[in-house]
Amino acid sequence: MKDRMATPAEIGLRYLSLGYRLRKVVDDGMTAGGLSLARTKVLRVLDGRGVMRQSSLARELGHAPRSVTQSVEALEREGLIERAADPGDGRSKLVSLTPEGARALAAGTAAGERVLREIFGTLDSEQLADLGKLLDAIDAAFDA
C-alpha cells in the first residue's frame, strides 16, 4: 500500500508540537544553567537596547505591561537589572542591565546554544541547509 501524502494541517500541527517540545527542552537547559528562556529574552533586549522605559520594554517583548512588571521585579530582586525613576516622567521607570545581569545573560545564552547544538548537531550540513530553506519558505508564507 502506498503512503498517503500528509496534509498541510497535519504537517502544521506536527510542526507546532515539535516547536513546543524544542522550546521546552531549550528552556529546561537554560533554566538548569540559571536563567529561563523568558528571562533571557528580557535581559537580551536590555543588553541590545540599553537603558529603556519599562513600558518600552513591554512593547519590545510583545507583552502586557503587568506581566513585564512581575518579571522586572523578580530580575531586580536577583540583582540582574536595576530600575530607577525616569527623570523626564516621574510616573515611568527606567530599566537597565547590571553587570551581574550581563554575566547571567551570557551563561543563559551559552546553555541554550549548547542544547541547540546537541539537537541540530545531529543533522549533517545538507540537512541543515534543507531545513534552513524550508524555514525560509514557511517564514515567507506569513508575508504572502
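**Strand pairing, pocket and surface patch**

Colleague: In β3, which residue is the bridge partner of Met52?

Modeller: The structure is a predicted model. In it, Met52 has Val95 of β3 as its bridge partner. That contact belongs to the pairing of strand β1 (residues 52–53) with strand β3 (residues 89–97), which is antiparallel and runs over two bridges.

Colleague: Over how many bridges do β2 and β3 pair, and in what sense?

Modeller: Strand β2 (residues 81–86) pairs with β3 over six bridges, again in the antiparallel sense. Ile81, for instance, has Leu97 in β3 as its bridge partner.

Colleague: How many residues lie between β2 and β3?

Modeller: Two residues lie between them, and the two strands form a hairpin.

Colleague: Turning to pockets, how much space lies in the largest pocket?

Modeller: The largest pocket holds about 610 Å³. Its lining comprises 16 residues, and those nearest the centre are Tyr15, Leu18, Gly19, Phe120 and Leu131.

Colleague: Which helix gives the largest share of that lining?

Modeller: Helix α1 does, with eight residues. At least two lining residues come from each of α1, α5 (99–120) and α6.

Colleague: And the surface: which residues form the nonpolar patch?

Modeller: The patch consists of Leu13, Tyr15, Leu16, Leu135, Ile138 and Phe142, with about 660 Å² of accessible area together. Helices α1 (8–32) and α6 (125–143) each contribute at least two of its residues.

Colleague: Why does Leu13 count as exposed?

Modeller: Leu13, which is in helix α1, counts as exposed because its relative accessibility is 58%, and exposed means over 50%.

Definitions and conventions:
Residues numbered from 1 in each chain as written. Predicted model: local features only at pLDDT ≥ 70, side-chain atom pairs only at ≥ 80, totals over all residues. Heavy atoms only, no water. Patch = residues over 30% accessible without salt bridge, like charges linked within 9 Å, V, L, I, M, F, W, Y side chains within 5 Å. Areas by Shrake-Rupley, 256 points an atom, 1.4 Å probe, with all protein chains shown as cover. Salt bridge = Lys/Arg side-chain N within 4 Å of Asp/Glu carboxyl O. Helix = DSSP H or I, 4+ residues; strand = E, 2+ residues; numbered from the N terminus. Buried < 20%, exposed > 50% of the residue type's maximum accessible area, 1.4 Å probe, protein only. Pairing = 2+ DSSP bridges. 1 Å grid on protein atoms, 1.4 Å probe; cavity = no way out; pocket = protein on both sides within 12 Å on 5 of 7 lines; lining within 4 Å. Points joined across faces, edges and corners; volume = space filled by probe spheres on them.
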